[in-house]
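Colleague: I have a few words to check against a model. Please say what stands behind each of them.

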Amino acid sequence: MSSTSDAIPEPMAGPAKGDFADWLSPMLVKELRQGLRTRAFTGMFIIVQLLMVLATFISLSSNSANSAVGGFFWGFLAMVLGLLLPLRGLQAVSSESSEKTLDLLVLTKLQSFRIVAGKWASLVAQGALLAVAVLPYIFLRYFLGGVNVIQDLLLLFILLLASAILSAITVCLSTGTAFAGKRNAGAVGALISLFIVFFGGSMLMSFIYSGSGTMMFFDLNRWQTAGALALVVLYGAFLVFFLLKVAAGRIEPVASNHSTARRVLALGLGAVFCLLSLLSVQPTDFWIGIGVFTLALAALDAVVDLPSHVRSVLEPFHRRGVGRLAYVFAPGWHTGAFFAMICWGFYLLFLVAGDVSGEDFWVAAVMPPAIVLMPAALTVCFARGRATPFRIYLMIQLVCTVLAAVCAGLAETMDEIGYTLFPSFLMPHAGAGVLNESSNDVTEYSVVVLCGIHFVGAFLLLLLRGKPMLQRMGEQLGSLDADPETEG
Amino acid sequence: MVNDPSADTSPPAIEVVGLTRRFGSFVAVDTASFTVPAGSVVGFVGANGAGKTTTMRVLATLDLPTSGRIRVAGHDVVEYPDRVRRILGWMPDDFGTYTDMTGREYLDFFARAYGFRGEERIRRVGDVIEFCELHEIADRYIDKLSKGMAQRLCLGRSLIHEPEILIMDEPAAGLDPRARIDLKNLIRLLADSGKTVLISSHILSELGEMCDSLLFINNGKIIHHGDAEDLLQDTTGKVTSILDVQVLGSPESLQNWASMVPAVEFVEATRHGARLEIDTTDRGEIAKLLRRMVTDGQEVVEFRRQERRLEDAFVDIVAADGITGPRVGDDQKS
């Protein structure tokens, strides 16, 4: 064996004739090879086929049973595509950790994003395979009568899309240490299943069906509906990309940057939604809702992001002549604080677009951002040097929310506002309990002032703690300026 | 083993300057500095928890140093990990295999992951199977392989991209003697082909045979870096020999006799005699001592000169450094 490291091809050479697998990502090929062999998949596949045959026989025996069978048909498919398949994602990265193969993968030319994307794509491909396998039954149901085949196909597509997004969530979660063991994965998986079933299911159903009980989403004669479907697909793609980037950032050592892409993309989307809402393009409330959600997600992600400002991460900023943008878009919570402030600026514009005014404006302007930022500042203090700031953030957020709920309950029971007002000095979450129908201007302004203090204080604390890292980043950027011949 | 910069301008294969790695308050590696010249085989020796694996993981770009400068083939491991990964083969102590794949599929996957396609990929997999003699097991599922076979497969995996530098963390751990010999032969072949190998092991005698130099680490500090032959000399610089002597009858008589002889520097009681440390390695002087022993009435039944082993050298160097064994807080490492 000769020593020819240069033999590693830089751009991937074209595949050999007849080798289809060479056209696909190596990770996808490996995951499909492994995934399709598992008992879980083959078992699921056989059960789906058996149940579809059974459903078809029942439909054949009685026309009146067709609608009942339809409910069962979709219910079962939703369970498989929307629950069982995504849950397998919980073991996607954690299984590599437990088999001690993650390091080996990271050392190859597969970068961490391709690793997680391959795992996700494999789950989606398996879902697609199941979906294709039920297509004959969908057409059979159409010939038996009583169903709209276009609606059924679109519903199947929506299910696949939901499955893809849920799989991205579980693949992202699988990078956490909570899923290192099968027992842990099972326990947390059960919790996530409950979440998916109760919240995901109800959201999906409300999305698909209009109030009249008809499938408003599938009336393709309406251009708006077709546009909405395209928007859902695009936004789903954004969510998947965002989540997989988060996952990639968590498995790769710090000398990589997965943060800039997701921040830029989220901010870009937020800006577009903001513009649409400011121009009063209908449905304005929808643009505001989805825009605020996008920016909140990005801001939350940014303030718990792991810092990395090594030369190779900062070089792209320097090369493009936008070194200063590294202070907002480079990985790390210290830059995330500035990024969160930009998101807050857009959030204020959304409030303006939503015609929120008076005390409500001020409450909305400071309370939710304070709720996002204050635990981040505490996390920075507690998670010093630890690789899991998000878990600590989540814990603080959970504790504050529970305490605020208890305080609100006590205030309601005792009819004493002090139970919520005084805890507001400690955490902005309690401020929500102060605001009710009986609250007056004084209490509202008190909440605004307290939340404002939390908001500004948290931001300053983040800046203070991040100052050494910001200085180091400045030095790194300065050294790049001084040394134009950076290694390329 | 020191590189002479004036003789060779190419960067050393591995250059570590002041490497420190902390896990919280625990210092796993403490300002370690060493150089591994290109094309050499270096053994990395240390007790459990001494900092070997941490150092190797940093070199392999799998962990970040708290401080220090680490370059592999001239590339900084922190700043340019991708460049380092291209020229580095990593073999962890736990192998890292997928049990639900065959050996060939496993190698094929890693060849794809390193970017090889088509004929080139098939050639590389074939080369590795040939080199590591994996023909018999290539189409068996990995969970059906013996530990030795799995380890050879893992070595094959680390060679699939033909790296210039190989880092092997305890590759012989848990292997039977036959598998160890096979591994040793493979490493010799790699060394002959000009690859740089950094290998950690507890089996010092094996390292002595295959390594150009040995690197000792204790409590996170590099305490010695030198040729295996140099290590066989007493680290204090004294020229001594150890003699194992067994006598018929009471060993106390021999021990008393030895304590009276000026040439004997140290006497250690054994079950049937004593272990004597004398201040010479001269064979004539040793023969004279034996003759005197017999003349003085000692009934010698066994007289054996003990060779100094690498283990002795290691123990001496570690003892000179202070504390031995794993440190408190080793379990803090994640």
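Colleague: Which residues in helix 16 of chain A are buried, and how do you know that the word applies?
Modeller: This is a predicted model, to begin with. A residue is called buried if 20 or more other C-beta atoms lie within 10 Å of its own. In helix 16 of chain A, the buried residues are P389(A), Y393(A), Q397(A), C400(A), A404(A), C407(A), A408(A) and A411(A).

Colleague: How do you know how far helix 16 of chain A reaches against the span expected?
Modeller: Helix 16 of chain A runs over residues 389–414, which is 26 residues.

Colleague: What comes after helix 16 of chain A?
Modeller: D415(A) follows, and its phi is positive, near 55°.

Colleague: Why is D100(B) called partly exposed?
Modeller: The label lies between two cut-offs: buried needs 20 or more neighbours, and exposed needs 12 or fewer. D100(B) has 15 C-beta neighbours inside 10 Å, so D100(B) counts as partly exposed.

Colleague: Where does D100(B) lie, and which residues does D100(B) touch?
Modeller: D100(B) is in the loop between strand 6 (88–91) and helix 3 (103–113) of chain B. Leaving out residues up to four places away in sequence, D100(B) touches Q34(A) and R37(A). Within chain B, the C-alpha atoms of D100(B) and Y141(B) are separated by 6.4 Å, although the two residues are 41 apart along the chain.

Colleague: What makes up the contact between domain 1 and domain 2 of chain A?
Modeller: Chain A is divided into domain 1 (23–251), domain 2 (253–355) and domain 3 (372–477). The contact between domain 1 and domain 2 takes 10 residues from domain 1 and 11 residues from domain 2. On the domain 1 side, helix 6 (112–144) and helix 9 (223–251) of chain A are the elements that give two or more residues. Helix 9 of chain A gives the most, with eight residues. By kind, the residues on the domain 1 side divide into seven nonpolar, two polar and one charged.

Colleague: What does the domain assignment give for chain B?
Modeller: It gives domain 1 (14–87 + 163–231) and domain 2 (241–307) of chain B. Taken over C-alpha atoms, 41 Å separate the centres of these domains.

Colleague: What is the secondary structure of chain B, and how much of chain B is buried?
Modeller: Chain B comes to 11 helices and 14 strands. Of its 334 residues, 45% count as buried. Among contacts in chain B between residues at least 6 apart in sequence, 69% join residues at least 24 apart.

Colleague: What ipTM and pTM does the predictor give the complex?
Modeller: The ipTM is 0.76 and the pTM is 0.78.

Methods
Residues numbered from 1 in each chain as written. Chains lettered and ligands numbered in written order. Predicted model: local features only at pLDDT ≥ 70, side-chain atom pairs only at ≥ 80, totals over all residues. Helix = DSSP H or I, 4+ residues; strand = E, 2+ residues; numbered from the N terminus. Expected span 1.5 Å × (residues − 1). Contact = placed C-beta atoms within 7 Å. Domains from an automatic or database assignment. Nonpolar A, V, L, I, M, F, W, Y, C, P; charged D, E, K, R; others polar.
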